[in-house]
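This report examines how the parts of one protein chain are held against each other. Please look at the structure below before reading on.

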Amino acid sequence: MAPRRPRKKRPISDSSAMPVGAVDADALLSLPQEVLDEVLARLDLRDVVRTSVLCRAWRRRWETLPSIDIYIPSVKQALWAVDCVLPRCPGRVRRFHVYLDDLSARRLDDWLLLLSRRGGVEALYLSPEPPYEFFSLHSTVFSWRRLISVDLFACHIPPLPPDFEGFPDLKVLSLANVTFQQNGEYQLEEIVETSPLLEKLILCEVCIEGDDFIEWEIRAPNLRHITICSNIDYGWNFAELPCLHSAVIDLWEYVGDRDFANFFAGLVQVRKLRLCMFYAPVNGIKILETLPCTFDNLKSLKLFMHFCELPPILLVFCLLKSMPNLEKLKIRIYDGEVQKIELNGEFLDAQWADGMCANLQILEMTGINWLPNEMSFMKLILSKARLLRTLCISHHDDCLVSHVDPLHELVTCGKASAQAQVLFKGAAGNY
């Protein structure tokens, strides 16, 4: 009689032996639906779609989400991704962040109209790929009342519709290389004024068609940061900005043609200020002796300038007279290789006023060329600023002057502060 074969034991079911994806999917499905929707809504769009491979129950789960974020950083993927996702996911799109090429720019109107029917877009970012062919924005965007952030680059802005009511929740508005039609200053003024919660405003290379511009005001009671960079004066002024914390202003060449003092008075509450003023014109001298306001809150000032001509140098002293609590001064030298006028220490000392740099602790001079005017200014600060702790210097990358002698001159000159140190950082580079 043949021996009986031993009976094989049936394997005991163990969840640890199940595919990891199935276990994770089952665990997630056990969560309440509103919690699960919140978890998926926080994922990147690509990861949300990839959840369809977890198990059969998840194959179309992402299509039922009440809201999604569409963020397409790759221009090559924009057309395919948006055209695939929008028709299949009927929920609200909270964030629409897309880089455009020629093909996707042609589909943009359809996408924006579809988003309008969904309602509720909170963040909009649109930018073309280099070399930045301008695209046209559809006016339906002006009906998006739930917008919190708008960031547009290289686009044509259409006129406001007659029924425009503003953006009651908008906090960030960034317009770079955008074009408004004629009388666009009225439109820009209305957009800002009807955004009562606006905290950050960036207007960089904004173009308004036409030749004559009215003076208009930026009225934003909750504004905390503003950037204005333009080579044309479009008539903007500042109303009272009580919450302003920081500002970036590129003066270019137009400041002498208007009331420069009043222009600055609107920034009086600022704490951090960055000015590009190496184009300061000669006719600006008439208002460079003093400003009608005092920047009591200002702690940090960064200037893009040079010491080769009189106007920008006088503007520095004008500003310092009106900033009694300044603690940090950064000066980045631009276009400052050829000194057209030499101002000795006696002339600069005559520009000094009581209370100037009384709280200055740090002076950074970046990209200098060891020119006499630069040296005289640094010596003046060292001899006057009683609380100065650091003079930090870096020279221009292409500077041919040896730093040895001028640096020794600064180290050994008279100092008002016993704690003042002179630090040399070498070539400026990206410093």
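## Helix 6 and its surroundings

In this predicted model, the buried residues of helix 6 pack against strand 6, strand 7, strand 8 (179–180), strand 9 (200–204), strand 10 (207–208) and strand 11. Helix 6 covers residues 184–193 and is mostly covered, with seven of its ten residues buried. These buried residues are Gly184, Glu185, Gln187, Leu188, Glu189, Ile191 and Val192.

An α-helix has 3.6 residues a turn, so residues three or four places apart point the same way. The reader may keep this spacing in mind when looking along the helix in the display.

## Confidence in the model

The mean pLDDT of the chain is 83, and 79% of the residues score at least 70. Over residues 12–23, however, the pLDDT is below 50, and this stretch has five contacts in the model beyond near neighbours in sequence.

## Aromatic pairs

Rings whose centres lie within 6.5 Å are taken as a pair, and by this rule there are twelve aromatic pairs. In one of them, the ring centres of tryptophan 216 and tryptophan 236 are 6.2 Å apart and the planes stand at 65 degrees; because an angle over 60 degrees counts as edge-to-face, the pair is given that name. The two residues belong to distant parts of the chain: tryptophan 216 is in strand 11 (residues 216–218), tryptophan 236 is in strand 13 (residues 236–238), and 20 residues separate them. Tryptophan 216 and tryptophan 236 are both buried.

Tryptophan 236 also pairs with tyrosine 234. Here the centres are 5.8 Å apart and the planes are at 80 degrees, so this pair too is edge-to-face. Tyrosine 234 is buried, as is tryptophan 236. Elsewhere, Phe142, Phe164 and Phe167 form one aromatic cluster. A ring can also face a charge: the charged end of arginine 95 sits over the ring of tyrosine 71, at 4.7 Å from the ring centre.

## Salt bridges

How many salt bridges does the structure hold? There are ten. One of them joins the side chains of arginine 145 and glutamate 165, with a distance of 3.8 Å from N to O. This bridge links distant parts of the chain, 20 residues apart: arginine 145 is in the loop between strand 4 (135–136) and strand 5 (149–153), while glutamate 165 is in the loop between strand 6 (155–157) and strand 7 (172–176). Arginine 145 has a relative accessibility of 35% and so counts as partly exposed, whereas glutamate 165, at 57%, is exposed.

A second example joins lysine 384 and aspartate 349, whose side chains meet at 3.1 Å, N to O. Lysine 384 belongs to helix 10 (residues 372–384) and aspartate 349 to helix 9 (residues 345–350), so the bridge ties together parts that are 35 residues apart in sequence. Lysine 384 is partly exposed at 31% relative accessibility, and aspartate 349 is partly exposed at 36%.

Arginine 219 forms a salt bridge with glutamate 217, and their closest N and O atoms are 3.4 Å apart. Arginine 219 is partly exposed, with a relative accessible area of 32%, and glutamate 217 is partly exposed at 31%.

Which residues are linked with them in a network of salt bridges? The network consists of Glu189, Glu193, Glu217 and Arg219. Of these, Glu189 is among the buried residues of helix 6.

Notes:
Residues numbered from 1 in each chain as written. Heavy atoms only, no water. Phe/Tyr/Trp six-rings, centres within 6.5 Å; stacked < 30°, edge-to-face > 60°. Helix = DSSP H or I, 4+ residues; strand = E, 2+ residues; numbered from the N terminus. Buried < 20%, exposed > 50% of the residue type's maximum accessible area, 1.4 Å probe, protein only. Lys NZ or Arg CZ within 6 Å of the ring centre and 35° of its normal. pLDDT = per-residue confidence, 0-100. Contact = heavy atoms within 4.5 Å. Salt bridge = Lys/Arg side-chain N within 4 Å of Asp/Glu carboxyl O.
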